[in-house]
Amino acid sequence: MTDSAMDVRDLFVGNGDLQAVRGVSFSIPVGGRMGLVGESGSGKTLTALAMMGLLPVGWSTEGRILHDGVDLSCQSDSQLSRRRGRTISMVFQDPLTALDPVRRVGHQIISLIRRHSDAGKAEATEQAKALFRQMNLPRPAQMLRAYPHQLSGGQRQRIMIAIALACYPQLIIADEPTTALDTTVQKQVLRTLDVAVRERGTALLMITHNLPIIAAICDTVAVMYAGRIVEAGPVAEVFSKPRHPYTMGLLRSQPTMDNIALDGSSRLPSIRGTVPPLQDLAIGCAFQPRCEFATDKCRLETPKVIEGLSCWHPIVLDAEE
Amino acid sequence: MTGILELRGVSQAYRLGRRSPFVTASYLQVLSNVDFAVRTGQAVGLVGESGAGKTTMTRILTGLERPQTGQVLFDGKDLWEMNAVERLEFRRNLGVVMQNPRSSLDPRMPVGSSLLEPLRSLGIDCDHVARVNEVIEQVGMASSVLGRYPHEFSGGQLQRIAIARALMTRPIVLIADEPVSALDVSIQAQVLNLLMDLVTDLNLALMLVAHDLSVVAYATSRVSVLAAGEIVETGQPLELFSRPKSKATQDLVAAVLTMEAGLAGRGLD
């Protein structure tokens with residue numbers, strides 16, 4: 001498989017008896033952008049960490065993670081370490097904890113470039129400056145000498161993206177990259193990320209629970225619930241004609257300027273209940289206890305994935321809607 | 001019309017560190033001449049970028065910080081000229097809900113004890129057990145959860161508990177600083193609906209600080225925009241956001257990512 005930047009097959013991530021990711025499959029084509037949506041605890045971050053080989057101690061994977069012609073799940077730590085930052089890289093939610101606080105940001109990006117290429121110090125510095133310029137960071141030369149605490153949240157996240165892009169990886173995983181940022185900055189950072197991955201043909205996996213971000217930046221989307229993908233497909237299709245009751249619930253509970261009544265009488269439709277703890281997942285469909293359409297079949301049998309959907313009674317929206 | 005809790009001409013500045021004792025200290029003006037009011041039975045919103053002064057404003061409203069100039073009025077009385085009895089009365093009448101319920105509840109205390117804390121510390125004389133049971137029901141939870149510890153709950157449940165704790169002393173003003181930004185979308189809707197119900201049922205005055213304009217537009221009937229320490233615009237949320245006059249409001253509105261624009265391929269324009 002050379003035409004996909006990442007091909008995940010039947011991935012399970014667990015810690016002892018606890019299964020947090022239970023049979024996830026998806027594929028991101030070269031240069032493709034996929035969004036992974038789900039509530040906290042749905043397993044989206046663990047899926048990403050499994051791809052990076054950065055799972056916390058005690059967690060193990062089953063299944064295949066095909067990337068760059070190899071199965072990452074069988075690679076040794078040192079093999080993975082040589083790969084991280086070079087063919088696959090990750091942007092974390094909080095740049096302040098992801099950056100080393102006692103090293104200048106210049107050192108952090110230059111050492112990465114030098115580790116993965118045979119560029120000398122001067123050449124790597126030039127590359128770093130060029131990257132910073134591309135990220136719309138002001139005064140790149142000075143910026144290289146700054147420590148993370150001297151920068152604003154938006155600047156730090158731009159630097160994280162620059163570091164992630166430095167070695168022209170095939171895939172960037174961005175885990176809630178703008179959640180910690182101010183809304184006004186969020187859009188600028190997303191735009192920078194969007195332009196940078198588009199220019200380089202880098203594939204992007206965007207993990208977030210913010211649906212408008214997915215709509216703005218991704219081609220395809222996978223909705224995760226309790227460790228499984230319940231619905232997947234092109235963004236336009238999934239968001240305008242959701243078939244899974246959970247996707248539908250997520251879309252409807254998002255307040256937007258359009259679904260608010262002027263007299264303040266509107267009520268947001270919320271999904272009742274909460275995400276079940278992993279220890280006591282229901283038999284059958286995991287969403288069934290919160291689903292208004294649940295039947296006996298849902299309580300007994302786990303729905304199979306058919307055409308990117310895992311539900312026994314998909315919602316059929318009228319063509320007009 | 002006057003509000004139950006009000007700021008009148010409030011200004012606040014923080015002194016910045018001096019580099020040498022021979023240089024005059026410089027000040028950072030955080031709030032300048034702010035007028036703001038929260039009214040009974042009404043939810044008001046406060047929006048603004050980080051650094052605009054939202055947190056300072058809530059700290060002054062809750063009496064945690066004394067403004068350099070201007071007045072904080074609770075029920076017509078100046079907060080900083082109150083005697084001990086009036087001050088206690090003010091604290092009883094004020095509930096606060098913070099952004100992150102995990103850090104605002106003591107992890108070593110069963111949530112039932114956390115709920116009792118406001119009654120104990122403010123010396124309120126009533127049937128404590130009955131009050132806890134009543135309030136936990138008000139936020140839509142069963143009294144069986146009271147013996148459990150914070151780590152056993154999800155973020156949304158903890159935020160309900162934090163709201164319950166804020167309601168324990170039967171406050172008439174509730175200040176919620178980003179109460180839903182740490183929550184998942186589906187849970188966010190539940191908590192927002194709960195806050196709105198409480199405003200109606202208990203005739204509360206609610207101040208909602210948020211950065212998400214649609215959250216504010218959904219939950220409040222009046223919103224003020226704070227920019228660089230000044231209130232630049234106040235109005236009915238939908239009207240304000242559809243026809244923003246000031247530059248600050250325009251910037252906030254322009255930064256909103258909408259589903260429609262995203263699906264039309266113009267999400268980041």
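At what angle do helix α4 (residues 111-121) of chain B and helix α5 (residues 128-138) of chain B pack, and how far apart are their axes? I looked this up first, keeping in mind that the model is predicted. The angle is about 115 degrees, and the axes are 10 Å apart. I noted the crossing of α4(B) past α5(B) as right-handed.

**Entry: who meets whom in that pair**

From α4(B) I listed G112(B), L115(B), L116(B) and L119(B); across from them, α5(B) supplies H128(B), R131(B), V132(B) and V135(B). Sorted by type, the contact comes out as 5 nonpolar residues, 2 polar and 1 charged.

**Entry: the sheet in chain A**

Next I traced a sheet in chain A. It is open, has 6 strands, and reads β6-β7-β8-β3-β9-β10 with mixed pairing. At the edges I found β6 (88-91) and β10 (228-234) of chain A, each pairing on one side only. From one strand to the next, the twist averages 15 degrees.

Strand β3 (residues 33-37) and strand β8 (residues 203-208) of chain A run parallel and are joined by 5 bridges. As a landmark I picked R33(A), which stands opposite L204(A) in β8(A).

**Entry: helices lying on the sheet**

Which strands does helix α1 (residues 44-52) of chain A lie across? I got β3, β6, β7 (171-175), β8 and β9 (220-225) of chain A, with the helix running at about 145 degrees to β7(A). Helix α7 (residues 153-165) of chain A lies across β6 and β7 of chain A, and its angle to β6(A) is about 175 degrees.

**Entry: cores**

I went for the largest nonpolar core, which has 91 residues. The members touching the most others are A162(A), L205(A), I214(A) and V221(A). The helix α7(A) gives the most to this core, 7 residues. I zoomed in on I214(A): leaving out residues up to four places away in sequence, I214(A) touches G35(A), V37(A), M206(A), T208(A), V221(A) and V235(A). Another core, of 80 residues, lies apart from the largest one; among its members are V72(B), L158(B), V199(B) and A205(B).

**Entry: where A touches B**

I counted 37 residues of chain A in contact with 33 residues of chain B. On the chain A side, the elements giving two or more residues are α8 (183-200), α9 (211-217), α10 (235-240) and α11 (245-252). The largest share, 7 residues, comes from α8(A). By type, that side of chain A splits into 17 nonpolar, 14 polar and 6 charged.

I have them down as P245(A), Y246(A), T247(A), M248(A), G249(A) and L250(A). These buried residues pack against α9, β9, β10 and α10 of chain A, and also against α7 (185-202) of chain B.

Last stop was L250(A), in that helix. L250(A) has 24 C-beta neighbours inside 10 Å, so I logged it as buried; the cut-off is 20 or more. Its contacts are L211(A), V185(B) and S186(B), again not counting residues up to four places away in sequence. L250(A) and L211(A) sit 39 residues apart in sequence, while their C-alpha atoms are 8.4 Å apart in space.

How values were computed. Residues numbered from 1 in each chain as written. Chains lettered and ligands numbered in written order. Predicted model: local features only at pLDDT ≥ 70, side-chain atom pairs only at ≥ 80, totals over all residues. Pairing = 2+ DSSP bridges. Helix = DSSP H or I, 4+ residues; strand = E, 2+ residues; numbered from the N terminus. Axes fitted to C-alpha atoms, helices over the stretch in contact; angles between N-to-C directions. Contact = placed C-beta atoms within 7 Å. Nonpolar A, V, L, I, M, F, W, Y, C, P; charged D, E, K, R; others polar. Left-handed = near helix turned anticlockwise from the far one by under 90°. Buried ≥ 20, exposed ≤ 12 C-beta atoms within 10 Å, placed from the backbone. Core = buried A, V, L, I, M, F, W, Y, C linked by C-beta atoms within 7 Å.
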